[in-house]
Amino acid sequence: MIVNMLSTATPTEINHIIDRIKECGFQAHVIAGEERTIIGAVGSGGNRSEIEALRAAPGVAEVIQIAHPFKLVSRQLRQTRTIVDVRGTKIGGGDLVVIAGPCSVESEEQLMETALAVKAAGANMLRGGAYKPRTSPYDFQGLGVEALRFLAHARKETGLPIVTEVMSETDVDIVAEYADMLQVGARNMQNFSLLRKLAPVPKPILLKRGPSATVKEWLLAAEYLLAGGNGNVVLCERGIKTFETATRNTLDLAAVALVKELSHLPVLADPSHGTGLRSLIAPMSKAAAACGADGLIIEVHPCPERALSDGPQSLDLPGFQELMEELGRVPVREAKAA
Ligand code: PEP
Ligand code: MN
């Protein structure tokens, strides 16, 4: 439930409501806006009718029910958009942020060559997998800590903040030590113990949508992070499983536009995993920008035919440069206010 305070509410009146929400068995999440304060009463097991009764308390404008099962990620609770700052790169601030780099970090040379090229082409952040979730146990599994060191070196050389996937609870500390943003991969979107472990980590999280997750499940996964104290969450649509096999996944751009309506969190699109096909990256990138995505995450490799993972959906270095030039000409859609 949400308690909207009057613009004239005093700090004492606000504190009283916070205390009452806690007494009623809920957590109180305070959003102090420029004009008024909104207090969310979230959690289960509390007494809802007692919160409804707070309508009568001094300083309260209204008490409303949050219509969705997700609360803290909802735009009902927070109308101003969240801007996630990743070492100075602002995601959700109005500019289209482009994250680029190889699917897997394969060697220091491969990563550095890619990092320098994507930086020169105008990318804002560098991606690269150190721990790889591979369908087959016989495929390349990633270089682990060695790759994290290469990523840190590439950041030093280029100034690009780095994002990399954390696959397991046991790797959270080491990945958090190196990365500027931690990626929860599609296969782990509903790994609730991983989400719980990540919630107190003081680094932004990139939460990819599960291949078979509904929008509601995706937002509830994000809710775990916010409820656990990490408000710096960026969502990423990376394609879902449908009956269609012509593309690797079906990039659900309607979900991007919908999530921008439902949530205050920034949303990225991943046209590499979303299609599996290099030739579709540029059109889907432009489409994503046109439907309100806050950014893109794109796989780039100096020699895709030799890539140890996801070569067919990776751009080569000139291909990425070309994409960046094309994107400069695409107007980014301003998201409507709720
Ligand atoms: C990746 O980003 O390389 C990756 C494995 O993505 P996803 O979890 O979306 O499949
Ligand atoms: Mn990949």
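This is a predicted model: local features need pLDDT of at least 70, side-chain atom pairs count only at pLDDT 80 or more; totals for chains, interfaces and linings use all residues.
By donors I mean N, O and S atoms within 2.8 Å of the metal, and because water is not among the atoms, a site may look incomplete.

The manganese ion, ligand 2, is coordinated by four residues: C103 through SG, H273 through NE2, E299 through OE and D310 through OD. The distances run from 2.0 to 2.3 Å. Along the sequence, these donor residues follow the spacing C-x169-H-x25-E-x10-D. Two of them deserve a further word. H273 belongs to helix α9, residues 271-275, while E299 belongs to strand β14, so this pair ties together parts that are 26 residues apart in sequence. Are these two residues buried or exposed? Both H273 and E299 are buried.

Let me now turn to the overall architecture. The chain is divided into domain 1, residues 2-64, and domain 2, residues 84-327. Taken over C-alpha atoms, the centres of the two domains are separated by 37 Å.

Next, the barrel. Eight strands form a closed barrel in the order β7-β8-β9-β10-β11-β12-β13-β14, and their pairing is parallel. On average, neighbouring strands of this sheet are turned by 25 degrees against each other, direction ignored. As one example of the pairing, β12, residues 233-237, runs parallel to β13, residues 267-269, and three bridges join them. Within that pair, E237 has A269 as its bridge partner in β13.

Helix α11 lies across β7 and β14, the latter being residues 295-299, and runs at about 175 degrees to β7. Helix α3 lies across β7 and β8, running at about 150 degrees to β8.

The buried residues in α3 are Q110, L111, M112, T114, A115, V118 and A121. As a general point, an α-helix has 3.6 residues a turn, so residues three or four places apart point the same way. Against what do the buried residues of α3 pack? Their partners are β7 (97-101), β8 (125-127), α4 (145-158) and α11 (317-327). After the helix comes G122, whose phi is positive, near 110 degrees.

Key
Residues are numbered from 1 along each chain as its sequence is written. Chains are lettered from A and ligands numbered from 1 in the order in which they are written. Side-chain values use heavy atoms; hydrogens and water are left out. Buried means under 20% relative accessible area, exposed over 50%, partly exposed in between (1.4 Å probe, protein chains only). Helices (H or I, at least four residues) and strands (E, at least two) are DSSP runs, numbered from the N terminus. Contact means heavy atoms within 4.5 Å. Domain bounds come from an automatic or database domain assignment. Two strands pair if DSSP finds at least two bridges between them. Axes are lines fitted to C-alpha atoms, for helices over the stretch in contact, and angles run from 0 to 180 degrees between N-to-C directions. Donors are N, O and S atoms within 2.8 Å of the metal (3.2 Å for Na, K and Ca); water is not among the atoms, so sites may look incomplete.
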